[in-house]
Amino acid sequence: MEKCREITAVLIGNPNTGKTSLLNSLTGMSLHVGNWPGKTVEKKEGRICFQGKKIKIIDLPGTYSIAPYSEEEKISHIYLMTQKPDVVIQTIDVNALERNLLMTMELLALGKHLILAFNFNKEAKRRGIQVNIPKLSAELQLPIIRIEAHTGENIDALLEEVVRYSDQKKEEGLEEKIPDYILNLKKQNQAYLYDDELTHARAIKLIQTKVAPYYKATRSNQKTDRIDAFVLNKYTAFPLFFLVMFLIFKTTFTVSTPLIEMVDGFFTLLGKGITHLGLPSVLSSFLIEGIIGGLGSVISFAPLIFILFFFIALLEDSGYLGRSVILMDRIFHRFGISGRSFIPMILGFGCNVPAIMATRTIKAQRERLIAIFTNSFMSCGARLPVYLLFAGIFFPKNPGAVVMLLYATGVVIAFVVSSILAKLLKGHEEETMIMELPPYRLPTANNVLRNAWFHTKGFLRKAGTIIFGSVLIIWVLASLPWGVEYGSENSLIGAFGKTIAPYFKPLGFGHWTFAVALIFGVVAKEVIIGTLGTLYGVGSEALALVLPHHLSPLGAISFLFFVLLYLPCLATIAVIKKETNSLKSTVLQLLATFSLAWVISFLIYNIGSKLGF
Ligand SMILES: Nc1nc2c(ncn2[C@@H]2O[C@H](COP(=O)(O)OP(=O)(O)OP(=O)(O)O)[C@@H](O)[C@H]2O)c(=O)[nH]1
Ligand SMILES: [Mg+2]
């Protein structure tokens, strides 16, 4: 038994020091990595085999101290206090050695078996930072391994150390090995190091004296300072920010449109090919309307998803997203919102699920609730295909402008609702913004592509599972009762749609197919396209011919605003429930967003009609 015992190694360290990158390199996983503090908000683990030993590696959210402040830091705190991993690997950013080592002291005081993984060595070297590793290692009485977490350089040496350490521990029964200097510190105060300011101050002093002789920093980070002088400048910061956002969306459309058309064309051809096969009509209807119509029209948007996430990863990895929080805090503060809500907002452009989880870094509960509540107004990637499809059909001259308008409206509504909620939910928990500015780094192709592919894969998987399932149900309901004309008003789904459709009539999209699409769209927003594709036929070409019969351009705009606002998808609803831990506030949120969507679409359609659009 003893032989197969698994070694547990846990990764801990300050935020943004490369823990998740290290886990990804070690295990080949694709967990979320980005250049801003607070990405990992959950405990994650991976397993590997090394030198015939099984090693379980656990990634924890980054934290500056073992004392818990926010939700995600609690996870690390609880883990350290309750679990006994064989080895603790602390990732350390050599560029901020002293601050990082402060946590080393806390870990030592807890009696953890510690290995230090020094990361960002190349960057430190460029900045003229020198550390005498052997001497420092001897002084701290701890093994230190230099690594490059995201390329995986030297991780074998780290693993060897892990194995050696855990073997040694077994042999010597090394329990609770606490160095004398920490014991002295502890003697002065029985409590944990972080509990008391005086001890904390002593710990800082101690670290400084321990590190100082072996550490030399000649230059500050001039490159980052120079870029910041422009990027965070009072005058240039905001125009630059909007320019960046504009370019991202513009490029996403321009690059993805021909690719989407290519995939779409392929499915159209496939559909035509199947028609010529002369299959039994049920089978050919299933293949053409169900699979290709429903699924194909969704899958053709895969290039869009890839490119969108490619850019979001670029924003994250370069360090721009991280510091734009500071920038946004200036505006947000005026509305009574924390600048920390900004990262979840931008992540919401990708997908609301991880975005809502990212609100865990917001410490004040009230602000966190507001951020969760308004996140679904940030238009996620799944809604984008719906916009593009409709905008392409109804506003072929300027689809980009329509899409931008939708995104902008989402952001404005998120703002207005946040500030109203901030006034309503009065509280004194105002959070002071202290956030470390990450340095600028050249994004690595590896990470950016991995990130984009990870999400595209997720999109395709979703297409293969929930979207496929929904489309299948729709196809069956559109074919029943047997003998009825496929997808007609007399089919089951037609009858179902027609009972709900009147509620949407005042909004300008009273045809039953839209009602059905919206209902099923709650499963996942892409299903809106899948439904229309299944009911009307293959590809955007076919939809371009049919949809204008049932919808005016104004109705289309009203429909798109409704899609933007009405209800989050099931996965998002589940995560809202989980994160707020309150059924009441989840239901309240759903009712509120639905009513808001209805009112806004109503106003758009009716005012628009009056104005003669
Ligand atoms: N140049 C360089 N960049 C790295 C290295 N390791 C990680 N990074 C980058 O540093 C950033 C932070 O990496 P993560 O792995 O997400 O850091 P983390 O410690 O998990 O951060 P939290 O989850 O927020 O605590 C990312 O942009 C990585 O691409 C490295 O060895 N060299
Ligand atoms: Mg992480």
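Guide: A polar contact, as the term is used here, is a pair of N or O atoms within 3.5 Å of each other. The model under discussion is predicted.

Visitor: How far does a polar side-chain atom of Asp317 lie from an oxygen atom of ligand 1, and how much of the accessible area of ligand 1 does the protein cover?

Guide: Since the cut-off for a polar contact is 3.5 Å, the pair formed by a polar side-chain atom of Asp317 and an oxygen atom of ligand 1 qualifies, at 2.6 Å. On its own, ligand 1 has 650 Å² of accessible area, and the share of this that the protein covers is 95%.

Visitor: At what distances do N or O atoms in the side chains of Thr40 and Glu148 lie from an oxygen atom of ligand 1?

Guide: In the side chain of Thr40, an N or O atom is 2.6 Å from an oxygen atom of ligand 1. For the side chain of Glu148, the corresponding distance to an oxygen atom of ligand 1 is 3.3 Å.

Visitor: Which element gives the most residues to the shell around ligand 1?

Guide: The shell draws at least three residues from each of domain 1 (5-219) and domain 2 (237-610), and its residues divide into 6 nonpolar, 13 polar and 5 charged. Among the 24 residues around ligand 1, those that come nearest are Lys19, Ser21, Lys39, Thr40 and Asp317. With 3 residues, the element that gives the most to this shell is helix 1.

Visitor: Which residues coordinate the magnesium ion, and how many residues apart in sequence are the parts that they tie together?

Guide: The magnesium ion, ligand 2, is coordinated at 1.9 Å by the OG1 atoms of Thr20 and Thr40. Because Thr20 belongs to helix 1 (residues 19-27) and Thr40 to the loop between helix 1 and strand 2 (44-50), the pair Thr20 and Thr40 ties together parts separated in sequence by 20 residues.

Visitor: Are Thr20 and Thr40 buried or exposed?

Guide: The word buried applies to a residue with under 20% relative accessible area. By that criterion, both Thr20 and Thr40 are buried.

Visitor: What is the omega of the cis peptide bond that joins Leu480 and Pro481?

Guide: Most peptide bonds are trans. Leu480, which is partly exposed with a relative accessible area of 23%, has its place in the loop between helix 19 (445-479) and helix 20 (492-504), and Pro481 lies in the loop between helix 19 and helix 20 as well. The bond that joins Leu480 and Pro481 is cis, with an omega of about -15°.

Visitor: Which backbone oxygen does the side chain of Ser470 reach?

Guide: Ser470 has its place in helix 19 and is buried, with a relative accessible area of 6%. At a distance of 2.7 Å, the side chain of Ser470 reaches the backbone oxygen of Ile466.

Visitor: What is the phi of Asn154?

Guide: Most residues other than glycine have a negative phi. Asn154, found in the loop between strand 7 and helix 6 (155-172), counts as partly exposed at 42% relative accessibility. The phi of Asn154 is positive, near 70°.

Visitor: How many of the 10 residues of helix 21 are buried?

Guide: The buried residues of helix 21 include Trp512, Phe514 and Phe520. Helix 21 (residues 512-521) is largely enclosed by the rest of the structure, because the number of its 10 residues that are buried is 9.

Notes. Residues are numbered from 1 along each chain as its sequence is written. Chains are lettered from A and ligands numbered from 1 in the order in which they are written. This is a predicted model: local features need pLDDT of at least 70, side-chain atom pairs count only at pLDDT 80 or more; totals for chains, interfaces and linings use all residues. Side-chain values use heavy atoms; hydrogens and water are left out. Donors are N, O and S atoms within 2.8 Å of the metal (3.2 Å for Na, K and Ca); water is not among the atoms, so sites may look incomplete. Helices (H or I, at least four residues) and strands (E, at least two) are DSSP runs, numbered from the N terminus. Buried means under 20% relative accessible area, exposed over 50%, partly exposed in between (1.4 Å probe, protein chains only). A residue is near a molecule or strand if one of its heavy atoms lies within 4 Å of it. A polar contact is a pair of N or O atoms within 3.5 Å; within protein, one must be able to donate a hydrogen and the other to accept it, and residues adjacent in sequence count only if both atoms are side-chain atoms. Accessible areas come from the Shrake-Rupley method with a 1.4 Å probe; for residues, only the protein chains shown count as cover. Ala, Val, Leu, Ile, Met, Phe, Trp, Tyr, Cys and Pro count as nonpolar, Asp, Glu, Lys and Arg as charged, and the others, Gly among them, as polar. Domain bounds come from an automatic or database domain assignment.
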